[in-house]
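Hi,

Here is the structure I promised to pass on.

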Amino acid sequence: MKRQNRLFEEIAAYGNIRLAFLKAIRGKRSTAEVLLFCRDVDARLNEIRTRLLSEPVRWGEYRCFTITDPKKRTISAAPLEDRIIHHAIMNILEPLFERQMIYHNYACRKGKGMHSAVAYAFSKCKGTVWFLKLDIRKYFDSVNHEVLKTTLRRILKDKKTLRLLDGVIDSYGKTPGTGIPIGNLTSQFFGNLYLSPLDHFKNSKMRSILPRLVQ
C-alpha cells in the first residue's frame, strides 16, 4: 500500500480542529471543563492549532479512575484540549487505518461494535461444533511503543504526523516503552492496528487448514 504524505496540514486545519471539538464534547456539554472552554471557544481552538504547529506538542497529565464493566478497568482521561487533538488526528487518519483491517474486526469501528460481533458469531455457530476463544491479558498495558511506531511507519510517510503520533504514544506508559491508555480515542485505533497483522495471519491460516478439518 502506498504510504500517505502531507497529512499534518489537514490535521492542523482550523476547520478540522473545530469539528474535532464538537466530537470531543458530545455528551459532555454541561461539564465544568467544557463550559469553561466555551467561554472563548474560537481563541481556545486557535491556541490548540498553534500548539500543533509549534512542534513538539506538549501533552497534559492524565486523570485516572476505575470503572467496572463488568471487570475492573483503569481509565486514563486526557485533558479536553488533548482529546480535541486526538479527534483531529482520527478525523484524518481513520480512513487510512480502516484499510488495514479485516472485515470481521468489530472493535470500535463504525457500523460494527459488540452487538454486530455477537450476531455474526451466533450465525456461524449454527453450522459448526468448532470455535476458538482467545484473550490477551491486559492488552492495552502490553502494547510495545516501538512495535506500534514501526507499524505506523509502514502506513504513513508524513514526518510531522509521525512525530505527532509518537508524542501521543510516549505521553503514557504503564512501564517505560509499554502501554497505551484506555480512554484515549487514538488508543482504540492503535489497538486495532497493532493486532491487524495477527488478524490477517489468522485468516490466511484458517483458510488453509479448514479444508483438512472437515475431511
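Predicted model: local features only at pLDDT ≥ 70, side-chain atom pairs only at ≥ 80, totals over all residues.

**What I found**

Residues are numbered from 1 along each chain as its sequence is written, and side-chain values use heavy atoms, with hydrogens and water left out.

The protein has 10 helices and 2 strands (DSSP runs numbered from the N terminus: H or I of at least four residues for helices, E of at least two for strands). Starting at the N terminus, the order is α-α-α-α-β-β-α-α-α-α-α-α. Taking contacts (heavy atoms within 4.5 Å) between residues at least 6 apart in sequence, 70% join residues at least 24 apart.

Helix α2 (residues 14–24) packs on α4 at an angle of about 120°, with the axes 10 Å apart (axes are lines fitted to C-alpha atoms, for helices over the stretch in contact, and angles run from 0 to 180 degrees between N-to-C directions). Tyr14, Ile17, Arg18 and Phe21 of α2 touch Val41, Asp42, Leu45, Asn46, Ile48, Arg49 and Leu52 of α4. That contact has 7 nonpolar, 1 polar and 3 charged residues (Ala, Val, Leu, Ile, Met, Phe, Trp, Tyr, Cys and Pro count as nonpolar, Asp, Glu, Lys and Arg as charged, and the others, Gly among them, as polar).

The axes of α4 (residues 41–53) and α5 (residues 80–98) come within 11 Å and cross at roughly 65°. So α4 is roughly perpendicular to α5 (65 to 115 degrees; under 35 is roughly parallel, over 145 roughly antiparallel and the rest oblique). Here Arg44, Leu45, Ile48, Arg51 and Leu52 in α4 meet Glu81, Asp82, Ile84 and Ile85 in α5. By class, this contact has 5 nonpolar, no polar and 4 charged residues.

Thr161 counts as buried because its relative accessibility is 0%. The Thr161 side chain reaches the backbone nitrogen of Phe8 at 3.1 Å. Beyond its neighbours within four places in sequence, Thr161 is in contact with Leu7, Phe8, Ile11, Leu93 and Leu156.

Cheers

Conventions: Buried < 20%, exposed > 50% of the residue type's maximum accessible area, 1.4 Å probe, protein only. Polar contact = N/O pair within 3.5 Å; in protein donor to acceptor, adjacent residues only side chain to side chain.
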